[in-house]
Amino acid sequence: MAIDTQKGSITVLGAGIVGTSCALALQRDGFRVTLVDRDTPGAGTSSGNAGMIQTGTPRPLAMPGLLKAVPGMLFDPDGALVIRWKHLPRLIPWLVRFAREASAARSAANSTAIMALLDRAGDAYRELLSAAGADDMVRYKGMLYVYRGAEAARAATPEMDLFRRHGVRVETLDADEIRQMEPALDRAYTHGYYLPDCFYTVDPKALTERFATAFEKAGGAFVRADVRDIEMGANGPTALVAADGRIPVERLVLAAGAFSGKFARRLGIAVPLESARGYHLMLPTETLRLNGPVIDGERHFAATPMAGGIRLAGMVELASLDAPPNYRRADSLLPLAQAMLPDLAGRDAIRWMGHRPALPDSRPVIERSRRHANTIFAFGHGQLGLTMAAITGLVVADLAAGRPPRVDLAPYRSDRF
């Protein structure tokens, strides 16, 4: 791909899957791009997600009925979403905003905004996968939600109806159809929903690395640096201030995930960004066979077959960026998974915790800065960072090139709060 010297250079801060997708898309558009992170591409939160590219799940975290669930968040240490007591006072402003987003009207608007990105996520991924020669990193197996009994499946009807209203294909399965798809499941699972248009990656860290490798082979620069601050000039950012020196910038894309908050404030915006800490267990020696991702719809966790074994994921915890991991959250996944998959051995489990960048309305911030024409924001994707990465990258390239973005960006403005 040819670099257009008239377009100039852009620096992307953050080498997770979102930032790396932005770098690759900008490079394909002709920009000279530098990607900067304190770690190697994909080594942070992007390495630990469940691997699912959820093109058909426009469900915000805040939904009607949220307030009834608050006691469980505070008092059930093994719940799917918990709040660490110690951090509650600091989290209260975020939680108040989060509760407001649970109204019927706001959650519906948030679903629509999420779906506008998901509608284009699949095609965007296919474009970047092809560009990076990484088509072998994904499997088109859909997503399977399973339930123990008719009552549990009926409780999920509003969620599935929400998906269908947004044009998502949802197939209803009986016990025999579930068994045909996933013979390893416990026979107590009698009802299911299948979303055939979703897909997944067999290794999210390796996928990010493949994008980064393609980017570097085409002339892109990766700089490993612990960025502490942004140096500002009269017209916007002029350099990243790292632990070991300055990195001059001509234009900047902020895509640092959950760590974007302090940099966003430096760039003149204040957004309610928190870490929705996610946990997983990786089972590297597991021999049980799964054909695709399976989600227990009642207990809200997933089992995904990956190149390195089976990954169990799904726990969310609100605490802080600095709080130590509570690996009890990760450990609690194993008995849940063994109840779902009776032949799961569960040996040699490897624990992991990462920071999902959560905004109260589950929408990312994607826009050109209103203060600094040389700055673009691309962060806050929450639990859909992997899913939205490729379309975010293409939209950022549109903004940088001065084209009308392929997605209406009004719902993702930073001043909506």
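A disulfide is a pair of cysteine sulfur atoms within 2.5 Å. By this rule, the structure has zero disulfides. The model is a predicted one, and the residues named below are numbered from 1 along the chain.

**Cysteines**

Cys22 has a relative accessible area of 0% and is buried. Cys198 is buried as well, with a relative accessible area of 2%.

**Aromatic rings**

A pair of aromatic rings is described by the distance of the centres and the angle of the planes. The structure holds six aromatic pairs. In one of them, the ring centres of Trp94 and Phe98 are 4.9 Å apart and the planes meet at 25 degrees, so this pair is stacked. Trp94 and Phe98 both belong to helix 3 (residues 88-100), where a spacing of four residues separates them by about one helical turn. Both residues are buried.

Tyr147 and Tyr193 make an edge-to-face pair, with 5.7 Å from centre to centre and 80 degrees between the planes. Tyr147 is part of strand 6 (residues 143-147) and Tyr193 is part of strand 8 (residues 191-195), so the pair ties together parts that are 46 residues apart in sequence. Tyr147 is buried at 2% relative accessibility, and Tyr193 is buried with a relative accessible area of 8%.

Tyr125, Tyr140 and Phe199 form one aromatic cluster. A charged side chain also meets a ring: Arg38 lies over the face of Phe259, at 4.6 Å from the ring centre.

| Partner of strand 21 | Sense | Bridges |
|---|---|---|
| Strand 14 (residues 252-254) | parallel | three bridges |
| Strand 20 (residues 365-368) | antiparallel | four bridges |

Val253 has Ile376 of strand 21 as its bridge partner. Ile366 has Ala378 of strand 21 as its bridge partner. A hairpin of six residues joins strand 20 to strand 21.

**Helix 6**

Helix 6 (residues 157-165) has Glu159, Met160, Leu162 and Phe163 among its residues, and these four are buried. Viewed down the helix axis, the buried residues of helix 6 fall within an arc of 150 degrees, so they line one face of the helix. The face turned away from this buried side carries the exposed residues Pro158 and Arg165.

The buried residues of helix 6 pack against helix 4 (104-132), strand 6 and strand 8. Strand 6 and strand 8 are also the strands that hold Tyr147 and Tyr193, respectively. After helix 6 comes Gly167, whose phi is positive, near 85 degrees.

Most residues other than glycine have a negative phi, and most peptide bonds are trans. Which way does the phi of Asp348 go, positive or negative? Asp348 is not a glycine, yet its phi is positive, at about 60 degrees. The loop between helix 11 (333-340) and strand 19 (350-358) contains Asp348. With 49% relative accessibility, Asp348 counts as partly exposed.

Ser362 is not a glycine either, and its phi is positive at about 65 degrees. Ser362 lies in the loop between strand 19 and strand 20. Is Ser362 buried or exposed? At 18% relative accessibility, Ser362 counts as buried.

Which residues are in contact with Ser362, leaving aside its neighbours within four places in sequence? Pro60, Leu61, Ala62 and Ile114 are the residues in contact with Ser362 on this basis. Pro60 and Ser362 are 302 residues apart along the chain, and their C-alpha atoms are separated by 5.3 Å.

Methods: Predicted model: local features only at pLDDT ≥ 70, side-chain atom pairs only at ≥ 80, totals over all residues. Heavy atoms only, no water. Phe/Tyr/Trp six-rings, centres within 6.5 Å; stacked < 30°, edge-to-face > 60°. Helix = DSSP H or I, 4+ residues; strand = E, 2+ residues; numbered from the N terminus. Buried < 20%, exposed > 50% of the residue type's maximum accessible area, 1.4 Å probe, protein only. Lys NZ or Arg CZ within 6 Å of the ring centre and 35° of its normal. Pairing = 2+ DSSP bridges. Arc of directions from axis to C-beta. Contact = heavy atoms within 4.5 Å.
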